[in-house]
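Please read them with the structure open.

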Amino acid sequence: MKKISKVILLCLVALTMAACDKPDREIKAGRYGMMSDETPQYAALVFIMAIYEDDNLDGALKLSTDKFAGLLKSYHTNSGVQRHILNLRLTEMTVEPVSGGFESMTEFKKEVTVDVKIIGTYNNRKITELKTISMIRQSGDWKIVGVSNTVP
């Protein structure tokens, strides 16, 4: 009888843990505040958030191609990537996709660019930047190839 109660208790704990499991990032964008994690827009937003919000570059490296990941690693830290790759240092940041840069039917494409708007502060100044993120599909996942300024 004790074995059955232990098994039931263990199952309840496992179900509770599975029900409480949340995705790594919560993105409030797209239609009705929901965005599929299979879209390139989602990958672009998570990439930017990983650079500005994480303690290390691991999240950004997972979303990058091998070549671009090597470039990111050469700057060693998140602040180095912010300064040299994005040319944008911020203390607080929000990021959202630019609706004009949304491309339909991305599930059939192998290459895509996503425009994102980054809003933040640095030295008590509000900064708004537009960045274009170039991506390719590798093994069913969207990987970042490069980042450039949307408006030169």
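This is a predicted model: local features need pLDDT of at least 70, side-chain atom pairs count only at pLDDT 80 or more; totals for chains, interfaces and linings use all residues.

1. A term to settle before the strands: two strands pair if DSSP finds at least two bridges between them.

2. Overall layout. The protein chain holds 5 helices and 4 strands. Read from the N terminus, the order is α-α-α-α-α-β-β-β-β. The chain has 152 residues, and 36% of them are buried. Take the contacts between residues at least 6 apart in sequence: 47% of these join residues at least 24 apart.

3. The β2–β3 pairing. β2 covers residues 111–122, and β3 covers residues 125–138. The two strands are antiparallel and share 12 bridges. T113 sits opposite S134 in β3. The strands form a hairpin, with 2 residues between them. In that turn, N123 has a positive phi of about 55°.

4. The β3–β4 pairing. β3 also runs antiparallel to β4, and here 8 bridges join the strands.

5. The nonpolar core. How many residues does the largest nonpolar core have? The count is 35, and F47, I48, V116 and M135 have the most contacts inside this core. At least two core residues come from each of α2, α3, α4, β1, β2, β3 and β4. The largest share is that of α2, with 11 residues. In soluble globular proteins, nonpolar side chains tend to be buried together.

6. M135 up close. Which residues does M135 contact, leaving aside its neighbours within four places in sequence? P40, A43 and A44 are among them. The list also includes K110, E111, V112 and V114. W142, K143, I144 and V145 complete it. M135 is also one of the core residues with the most contacts inside the core.

7. α4 spans residues 66–74, and its buried residues are F68, A69 and L72. Why do these count as one side of α4? They cover an arc of only 100° around the axis, so they lie on the same side of the helix. D66, K67 and K73 are exposed on the other side. The cover over the buried residues includes α2, α3, α5 and β4. Just after α4, H76 takes a positive phi of about 65°.

8. N78, a polar residue to check. N78 belongs to helix α5. Is N78 buried or exposed? Its relative accessible area is 8%, under the 20% cut-off, so N78 counts as buried. Its side chain reaches the backbone oxygen of I51 at 3.0 Å. A polar atom of the N78 side chain also lies 3.3 Å from the backbone nitrogen of L57. Beyond residues up to four places away in sequence, N78 touches A50, I51, D54, D55, N56 and L57.

9. Salt bridge K117–E96. The model has 2 salt bridges. One joins K117 to E96, with the closest N and O atoms 3.4 Å apart. K117 lies in strand β2 and E96 in strand β1, so this pair ties together parts that are 21 residues apart in sequence. Both ends are partly exposed: K117 has a relative accessibility of 28%, and E96 has a relative accessible area of 35%.

10. Salt bridge E129–K131. Here the closest N and O atoms are 3.8 Å apart. E129 is partly exposed, at 26% relative accessibility. K131, by contrast, is buried, at 2% relative accessibility. The cut-off for a salt bridge is 4 Å, and 3.8 Å falls within that limit, so the pair counts.

Methods
Residues are numbered from 1 along each chain as its sequence is written. Side-chain values use heavy atoms; hydrogens and water are left out. Buried means under 20% relative accessible area, exposed over 50%, partly exposed in between (1.4 Å probe, protein chains only). The arc is that of the directions from the helix axis to the C-beta atoms. Contact means heavy atoms within 4.5 Å. A nonpolar core is a set of buried Ala, Val, Leu, Ile, Met, Phe, Trp, Tyr and Cys residues joined through side-chain atoms within 4.5 Å. A polar contact is a pair of N or O atoms within 3.5 Å; within protein, one must be able to donate a hydrogen and the other to accept it, and residues adjacent in sequence count only if both atoms are side-chain atoms. A salt bridge is a side-chain nitrogen of Lys or Arg within 4 Å of a carboxyl oxygen of Asp or Glu.
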